[in-house]
Amino acid sequence: MVPFYLAPPAGSVPSTAVEPHRRYADIHTERIPDELADMTAYPEGQSWVFTARNGIRLKIELFSAEVIRIKFDVGLETDEECPYALDPELEKETIAALAEETDEEWIISTGVIQCHVAKHGLMTSFLDEKDGNLICRDAIPFYARNSAMHGREVIMVTRECGEEEHFYGLGDKTCNLNLRGQRKENWCSDSFGFDRDMDPLYRSIPFYYGLREGKGYGIFLNNSYRSYFDFNALHDGKVRFGAWGGEMEYFFIYGPALTEVARRYAWLTGLPELPPLWSLGFHQCRWSYYPESRVREVAAEFRRRNIPCDALYLDIDYMDGYRCFTWNRDHFPDPAAMIAGLKESGFRTVVMIDPGIRVDENYEVYKDGFERNLFCRRTSGELMTGPVWPPKCVWPDYTDPKVRQWWGDLYRELYLDHGIDGFWNDMNEPAVFQISRLTFPLSVAHHYEGQGGDHSRAHNVYGMQMSRASWEGLKRLHPEKRPFLLTRATFAGGQRFAALWTGDNYSTWEHLRLANLQCQRLSLSGFSLVGTDIGGFAGAPDGELMVRWLQLGVFHPVFRVHSMGNNEDGASGVDNEKVLESESHNRLDQEPWSYGEPHTTFARKAIEMRYQLLPYLYTAFYDHCTTGQPVIRSLSFFAQNDPQALEREHEFLFGEHLLVAPVLLPGVKTETCYLPAGRWYDYFTGRLHVGGYKHHFRVYPDRIPVYAREGAVIPNFPVQQFTGEKTIDKVTLRVFCGPELESRWYEDAGEGYDHEEGAYRLHRFSLRMEEGRVTLVHTMEGEYDSPCKTFRLMVAGLPFRPTVISVDGKERKFPYSRHNFQEVEVNAGFEEVVIG
């Protein structure tokens with residue numbers, strides 16, 4: 001039943017699609033397009049405006065042959081735009097499009113797709129121009145509901161849902177990967193201890209994929225208000241999306257390959273910078289490591305046990321009374337000396353910065369921000385105040401450019417003087433510790449780039465604009481250094497500024513499964529630099545769960561352990577030295593050695609594998625940062641015409657050529673894994689398996705199943721205790737024989753921006769299989785002076801017993817062995833290796 005206060009057309013809005021705070025008497029006007037009265041073409045802008053008799057206008061604008069913007073104007077003089085999601089450097093492509101009129105509709109042809117606009121109701125449909133097949137279309141006309149008191153209140157588009165259509169994306173959702181049958185909302189929410197059914201969560205990414213009869217497309221709703229998406233949840237054959245306010249502006253993005261949709265969405269919303277190499281190493285965190293002696297103990301223990309680690313994190317207790325940008329000098333009397341000492345041992349330091357600024361007349365950040373009028377105020381004019389960690393806080397309005405400038409400059413002392421390498425923006429939904437409402441009331445005013453608006457408009461972009469302010473500040477302060485920033489809340493396009501983690505999870509096997517789903521979905525939604533709190537933030541994992549989570553985390557780009565601990569580290573009376581010496585199971589700690597043997601050995605092996613895979617992962621990020629290709633992909637994005645792959649969510653692709661099948665249940669002895677069509681090698685043993693089938697494999701406690709595509713070449717580094725520890729003059733290439741398939745290895749300094757001036761090296765490898773011989777071709781580009789002088793080839797799947805190897809025409813005897821991998825060393829500058 002539809003509530004009387006919404007009164008939409010029958011069947012157009014589900015009864016749940018009304019925001020609770022709007023339930024009061026008001027005068028409402030419904031707006032639905034009627035018959036077309038006029039069409040105006042704007043060739044220079046590659047756009048067309050269709051005007052209905054009742055004044056509603058539809059604007060169709062081409063951004064490329066595959067990307068079309070659709071925007072409705074229902075007559076209110078709001079001029080509301082969301083200026084945050086789209087890449088500010090985006091340039092539309094020039095398209096030689098055609099517009100034709102028929103009795104029933106207008107047809108706009110781009111050369112790739114057709115956009116049909118019906119003269120009755122201005123309904124749109126999209127077809128593949130090559131074969132004429134339908135991609136998607138409206139089921140009923142666009143709907144808007146205006147209020148005399150509040151302006152735009154509800155906007156909605158309703159689409160037909162294909163009989164076998166699949167849906168993916170929407171960022172951070174914990175349901176099944178296929179969204180069909182789900183109804184989800186986007187409203188950034190502090191979601192401690194979230195579960196499978198909780199929605200919304202921390203992030204708002206109003207972008208989804210559709211896959212209909214093998215053709216992939218995307219819909220991006222460019223609207224920062226609270227939004228909703230209904231994927232046939234009412235089982236009425238309809239897909240609905242919309243928002244409680246703002247403009248109906250969305251982008252239709254065509255593939256037809258799902259990976260092409262991902263790349264075009266990244267082109268639209270912006271590509272991130274290549275992260276510093278150290279940020280892809282292993283990171284250790286807890287709430288909280290203090291005092292300084294405890295931090296140094298943890299660092300020393302990593303090195304004593306030969307467990308690689310690149311970064312240690314300091315949570316809120318490093319601050320003086322939760323005052324951001326300060327130090328508790330009782331716990332950290334000389335932070336610069338501590339950070340320098342850690343760096344000498346190969347550890348980077350990352351610290352937390354929250355948006356809530358403590359109200360304290362003697363606190364310079366509060367005093368300066370108050371005097372400059374930089375904090376959020378209610379529409380009544382009074383400061384927005386509330387509790388977070390301090391009992392009373394104010395919050396900067398990051399939607400104001402001058403506030404972002406001020407905020408970015410606050411990092412100067414920590415970043416330049418003390419030597420902090422990375423920052424962690426937390427609690428930026430924004431979170432407020434009030435039981436009745438965990439965020440701002442809607443009656444908070446925001447600058448919104450001069451457009452103005454209340455919190456209903458700014459809420460979903462608040463965290464994104466905080467990370468933007470932080471990132472821009474770090475870039476100004478140290479322009480030769482790549483920033484590393486981790487954020488909890490964000491919006492579409494936020495990938496330009498910060499990495500993500502999935503928030504405050506639990507130490508359970510169910511949350512391990514959710515971690516697998518969340519990182520796949522976020523990567524597909526534009527955020528490839530993503531990870532989870534390994535081991536769970538709350539609760540206490542046993543050794544098996546901790547190891548299995550680390551083994552999965554190897555294949556999540558943000559590879560970080562984080563936990564609540566007992567939240568009294570350094571003051572709890574625990575004899576830390578005794579714990580370290582005895583390898584006691586202190587369930588409140590989640591260092592890799594906290595569970596004793598054999599778990600410490602298994603944890604070390606997992607972390608070492610991450611460091612071996614760093615050149616492969618760094619190359620995947622090079623691809624992501626230049627093309628938008630997701631680093632993690634679900635099987636449906638690898639084999640979208642394979643019905644079995646569409647239903648799989650357990651396995652995923654890591655980079656271009658590796659398939660990972662994590663172990664997500666305790667005590668597992670065997671695992672069922674689906675391998676898509678083709679042939680796949682066991683990454684560890686070199687055994688070959690035929691794809692297109694489910695396979696049953698034995699599971700080992702010290703690793704999870706990983707498979708390489710035939711024809712792939714995977715670069716491996718030697719194990720290091722931290723990135724940059726060694727000058728790597730020898731790199732292993734794992735070569736998996738098969739049909740020709742290009743593999744790449746990208747290398748540069750791992751820091752700074754010289755690679756943008758040509759100081760990089762891009763290696764390309766391709767295999768050629770012929771009777772009695774295998775040829776590996778190698779080309780290089782770029783001017784980086786690589787330290788690698790030797791390749792150690794590990795070749796799996798040779799279809800014959802090799803006797804000779806020729807390197808650029810120079811033959812020698814091949815050192816044959818009876819192992820699955822045949823090993824031989826060659827000069828790293830080779831152009832062609834022939835094994836016969």
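This note walks through a few places in the structure above, one point at a time.

1. **Before you start.** The model is predicted, with local features needing pLDDT of at least 70 and side-chain atom pairs counting only at pLDDT 80 or more, while totals for chains, interfaces and linings use all residues. Residues are numbered from 1 along each chain as its sequence is written, and side-chain values use heavy atoms, leaving out hydrogens and water.

2. **Helix 9, an enclosed helix.** Of its 11 residues, 10 are buried, so helix 9 is largely enclosed by the rest of the structure. Buried means under 20% relative accessible area, exposed means over 50%, and partly exposed lies in between, using a 1.4 Å probe and protein chains only. Among the buried residues are Leu545, Met546, Val547, Trp549 and Leu550. The cover over them includes helix 8 (509-524), helix 11 (599-612), strand 19 (282-284) and strand 34 (652-654).

3. **The start of helix 9.** What caps the N-terminal end of helix 9? Asp542 does, with a side-chain oxygen 3.3 Å from the backbone nitrogen of Glu544. For reference, a polar contact is a pair of N or O atoms within 3.5 Å; within protein, one must be able to donate a hydrogen and the other to accept it, and residues adjacent in sequence count only if both atoms are side-chain atoms.

4. **Arg548, a charged residue inside helix 9.** Arg548 lies in helix 9 and is buried, with a relative accessible area of 5%. Its side chain makes a polar contact of 2.9 Å with the side chain of Gln551, and also reaches the backbone oxygen of Arg703 at 3.3 Å. Leaving out residues up to four places away in sequence, Arg548 touches Trp509, Leu512, Val663, Val699, Tyr700, Pro701, Arg703 and Ile704 (contact means heavy atoms within 4.5 Å). The C-alpha atoms of Arg548 and Asp702 are separated by 8.7 Å, although the two residues are 154 apart along the chain.

5. **Helix 8 beside helix 9.** Two packed helices are described by the angle between their axes and the distance between the axes. Helix 8 and helix 9 pack at about 0°, with axes 11 Å apart; axes are lines fitted to C-alpha atoms, for helices over the stretch in contact, and angles run from 0 to 180 degrees between N-to-C directions. That makes helix 8 roughly parallel to helix 9 (under 35 degrees is roughly parallel, over 145 roughly antiparallel, 65 to 115 roughly perpendicular, and the rest oblique). Helix 8 contributes Trp509, His511, Leu512, Ala515 and Asn516, and helix 9 contributes Glu544, Leu545, Arg548, Trp549 and Leu552. By class, this contact has 6 nonpolar, 2 polar and 2 charged residues. Ala, Val, Leu, Ile, Met, Phe, Trp, Tyr, Cys and Pro count as nonpolar, Asp, Glu, Lys and Arg as charged, and the others, Gly among them, as polar.

6. **Helix 5 against helix 7.** Are helix 5 and helix 7 parallel or oblique to each other? The axes of helix 5 (residues 401-409) and helix 7 (residues 455-477) come within 7 Å and cross at roughly 55°, and the two helices are therefore oblique. The residues of helix 5 in this contact include Arg404 and Trp407, and those of helix 7 include Met466, Arg468 and Glu472. The contact divides into 4 nonpolar, 5 polar and 5 charged residues.

7. **His418, a buried loop residue.** His418 sits in the loop between helix 6 (412-417) and strand 25 (422-425), and counts as buried at 10% relative accessibility. A polar contact of 3.0 Å joins its side chain to that of Trp327. Beyond neighbours within four places in sequence, His418 is also in contact with residues including Arg329, Pro335 and Ile339.

8. **Backbone details to look at.** Cis peptide bonds join Asp199 to Pro200, with omega about 0°, and Glu429 to Pro430, with omega about 5°. Pro200 is in the loop between strand 13 (183-186) and strand 14 (207-212). Positive phi values in residues other than glycine occur at Asn373, near 60°, and at Tyr448, near 50°. Asn373 is partly exposed, with a relative accessible area of 45%, whereas Tyr448 is buried at 0%.

Technical notes. Helices (H or I, at least four residues) and strands (E, at least two) are DSSP runs, numbered from the N terminus.
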